[in-house]
Amino acid sequence: MSAPPARSWTPQQLADALKGRPGAMSRVTLWRACRAGDIPHALTPGGHMRIDPAYVARVWPDLAAPAAD
């Protein structure tokens, strides 16, 4: 399983982290869900998609980044 990113998730990072789980989604499925407004996300100035880490923590709590010390 991939380590959670510090600030946000790319669709590929989240797809990799979900691999092997029931209901796992591909990078393309996550991207489409974001574009449809089903998953909260932001676009970087370069146009890359970043999935909201709070959403990931709420839906998949075990993927939440550990609290900083």
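1. D16 counts as partly exposed, at 29% relative accessibility, where partly exposed covers the range between buried, under 20% relative accessible area, and exposed, over 50%, with a 1.4 Å probe and protein chains only. Its partner in a salt bridge is K19, with the closest N and O atoms 3.7 Å apart, and K19 is exposed, having a relative accessible area of 62%. A salt bridge here requires a side-chain nitrogen of Lys or Arg within 4 Å of a carboxyl oxygen of Asp or Glu.

2. The model is predicted, so that local features need pLDDT of at least 70 and side-chain atom pairs count only at pLDDT 80 or more, while totals for chains, interfaces and linings use all residues. Residues are numbered from 1 along each chain as its sequence is written, and side-chain values use heavy atoms, with hydrogens and water left out.

3. The count of salt bridges comes to two, and in the other pair D62 meets R21 with the closest N and O atoms 2.3 Å apart. Because D62 lies in the segment after α3 and R21 in the loop between α1 and α2, this pair ties together parts that are 41 residues apart in sequence. R21 is partly exposed, at 22% relative accessibility.

4. Three helices and two strands make up the secondary structure of the chain, and from the N terminus on the elements run α-α-β-β-α. Helices (H or I, at least four residues) and strands (E, at least two) are DSSP runs, numbered from the N terminus.

5. The largest nonpolar core holds 15 residues, of which W9, L14, I39, I51, V56, W60 and L63 touch the most other members. The elements that give two or more residues to this core are α1 (11-18), α2 (27-35), β2 (49-51) and α3 (53-59), and α1 gives the most, with four residues. Such a core is a set of buried Ala, Val, Leu, Ile, Met, Phe, Trp, Tyr and Cys residues joined through side-chain atoms within 4.5 Å.

6. One aromatic pair is counted: the rings of Y55 and W60 have centres 6.1 Å apart and planes at 85 degrees, so the arrangement is edge-to-face. Rings of Phe, Tyr and Trp (its six-membered ring) pair if their centres lie within 6.5 Å, planes under 30 degrees apart counting as stacked, over 60 as edge-to-face and the rest as tilted. Y55 is buried, with a relative accessible area of 14%, and W60 is buried as well, at 13%.

7. Over the whole chain of 69 residues, buried residues make up 26%.
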